[in-house]
Amino acid sequence: MVMAILQCSSSCVILLTLLFALLFIHPISSTSRNALEDQNLNNSHQAGLRVQLHHVDSGKNLTKLERVQHGIKRGTNRIQRLNAMILAASTNDSTQLESPIHAGNGEYLMELAIGTPAVSYPAVLDTGSDLIWTQCKPCTKCYNQPTPIFDPKKSSTFSKLSCTSTLCNALPSSTCNDGCQYMYSYGDYSVTQGLLATETFTFGHSKVHEIGFGCGEDNEGDGFQQASGLVGLGRGPLSLVSQLKEPKFSYCLTNMDDSKTSVLLLGSLPRVKGKEITTALVKNPLHPSFYYLSLLGITVGDTQLSIEKSTFEVGNDGSGGIIIDSGTTITYLEQSAFSELKNEFTYQTNLPVDNSGAEGLDLCFTLPSDATQVEVPKLVFHFKGGDLVLPAENYIIADSNLGVACLAMGASSGMSIFGNVQQQNILVNHDLEKETISFVSTQCDGL
């Protein structure tokens with residue numbers, strides 16, 4: 001027995017008990033699921049690189065709640081360290097800033113190939129960092145990966161980058177020893193070190209030559225064992241989007257408990273029918289790789305939360321603000337903002353709070369075993385440029401076996417993060433030329 005979330009009014013949604021094996025969720029006040037499926041029959045997009053994405057837990061016998069909990073657990077160290085980094089920057093604590101830290105890790109994998117002849121490998125997709133890298137022979141310290149380690153000696157297109165190259169100079173930390181040597185650290189305490197080089201990369205049927213990447217010979221940490229490397233899609237010069245010189249890219253993430261693949265499009269923006277919400281990207285000079293959003297406020301039901309205007313603004317010291325991140329599972333709001341949301345959500349939800357909760361989630365409710373329907377408030381993010389009304393499945397995770405429904409959001413400090421659960425079945429378009437991000441609700445498996 002499971003739950004379905006259906007429309008009830010302008011300020012709430014209803015959970016209905018159904019005898020199916022999945023959690024079906026319908027938008028509160030947006031286009032219906034059937035209409036979204038119909039609109040995608042007319043979808044089209046310009047030529048560009050198309051890459052399929054798979055959730056790291058795809059194929060595993062897990063409920064959606066379990067997948068969310070696994071993702072939260074994977075990202076715990078990263079969230080804590082990123083918050084510490086923001087705090088250190090705002091307080092000028094140099095002891096915490098010895099080596100720049102990037103988001104790293106991730107929840108979605110992309111399949112690509114490297115070298116000539118091409119060798120396929122899965123890589124973590126990460127919008128919170130820049131460097132592209134894979135493990136390379138000879139490896140002084142390498143973690144176990146799902147594919148053979150890349151051997152640059154077997155590729156005719158491998159070429160070392162000099163210490164005076166533009167990409168070498170863009171590294172946050174490098175030395176010069178028989179070429180440009182790099183070190184790149186991540187928020188989960190993983191580190192990759194090795195030689196910066198160029199190679200031919202293959203995405204689907206498309207080859208791209210002379211892409212700068214890290215040939216990692218010393219790689220530590222357990223954040224990447226589901227992949228053989230990482231592809232950074234951040235805003236810095238080392239990222240794939242910057243090296244392709246393509247100012248536009250987009251991704252669309254399917255429901256994480258769905259077996260269908262998600263998609264990344266580089267060099268094109270799909271044309272999808274539906275209301276498009278466009279908001280300006282904000283720059284943070286102290287953390288230039290992140291995609292900061294222009295969030296003005298949040299509404300629960302019909303009540304706009306009393307959140308200080310400065311909460312989601314980037315401070316002069318680099319603190320605050322909210323980034324969008326494909327590699328973070330749930331949305332984290334600055335502590336005071338989350339407290340407001342949690343209190344209002346609890347007040348408007350006519351369900352008892354489950355104090356035992358679910359690991360990693362701060363607010364859960366007990367589902368009545370004999371109820372045919374229950375109500376939960378709608379959730380709206382007010383961006384500069386438009387309001388994003390989230391489908392209920394993008395913030396409520398119900399598990400009928402455990403008898404709970406949990407809010408897929410948490411508290412943070414230093415900065416806020418708009419996570420990938422909230423981005424499910426929303427086309428996220430990045431236009432780096434116009435410095436904007438747009439959202440369009442759609443069925444991602446139809447793109």
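Visitor: How many disulfides does the count come to in this structure?

Guide: The model before us is a predicted one, and in it the count comes to six disulfides. One of them joins cysteine 163 to cysteine 176, with an S to S distance of 2.0 Å.

Visitor: Which parts of the chain does the link between cysteine 163 and cysteine 176 tie together?

Guide: Cysteine 163 sits in the loop between strand 9 and helix 3, while cysteine 176 belongs to strand 10, so the pair ties together parts that are 13 residues apart in sequence. The link of cysteine 163 and cysteine 176 is right-handed, with 95° about the S-S bond.

Visitor: Is cysteine 176 buried or exposed?

Guide: A residue counts as exposed when its relative accessible area is over 50%. Cysteine 176 has 58% relative accessibility, and therefore counts as exposed.

Visitor: What is the handedness of the disulfide between cysteine 252 and cysteine 444?

Guide: Here the torsion about the S-S bond is about -70°, so the disulfide of cysteine 252 and cysteine 444 is left-handed. This pair links distant parts of the chain, 192 residues apart, with cysteine 252 in strand 15 and cysteine 444 in the segment after strand 32. As for burial, the cut-off is under 20% relative accessible area; cysteine 252, at 0%, counts as buried, and cysteine 444, at 2%, is buried too.

Visitor: How should I read the disulfide that cysteine 364 and cysteine 406 form?

Guide: Start with the sulfur atoms, which are 2.0 Å apart, and then take the torsion about the S-S bond, which is about 105°, so this disulfide of cysteine 364 and cysteine 406 is right-handed. Cysteine 364 lies in strand 23 and cysteine 406 in strand 28, so that distant parts of the chain, 42 residues apart, are linked. Cysteine 364 is buried, with a relative accessible area of 2%, and cysteine 406 counts as buried at 0%.

Visitor: In which sense, parallel or antiparallel, does strand 14 pair with strand 7, and with strand 8?

Guide: Strand 7 and strand 14 pair in the parallel sense over three bridges, and leucine 125 stands opposite valine 231 of strand 14. Strand 8, by contrast, runs antiparallel to strand 14 and is joined to it by two bridges, with tryptophan 133 opposite leucine 230.

Methods. Residues numbered from 1 in each chain as written. Predicted model: local features only at pLDDT ≥ 70, side-chain atom pairs only at ≥ 80, totals over all residues. Heavy atoms only, no water. Pairing = 2+ DSSP bridges. Helix = DSSP H or I, 4+ residues; strand = E, 2+ residues; numbered from the N terminus. Disulfide = S-S within 2.5 Å. Buried < 20%, exposed > 50% of the residue type's maximum accessible area, 1.4 Å probe, protein only.
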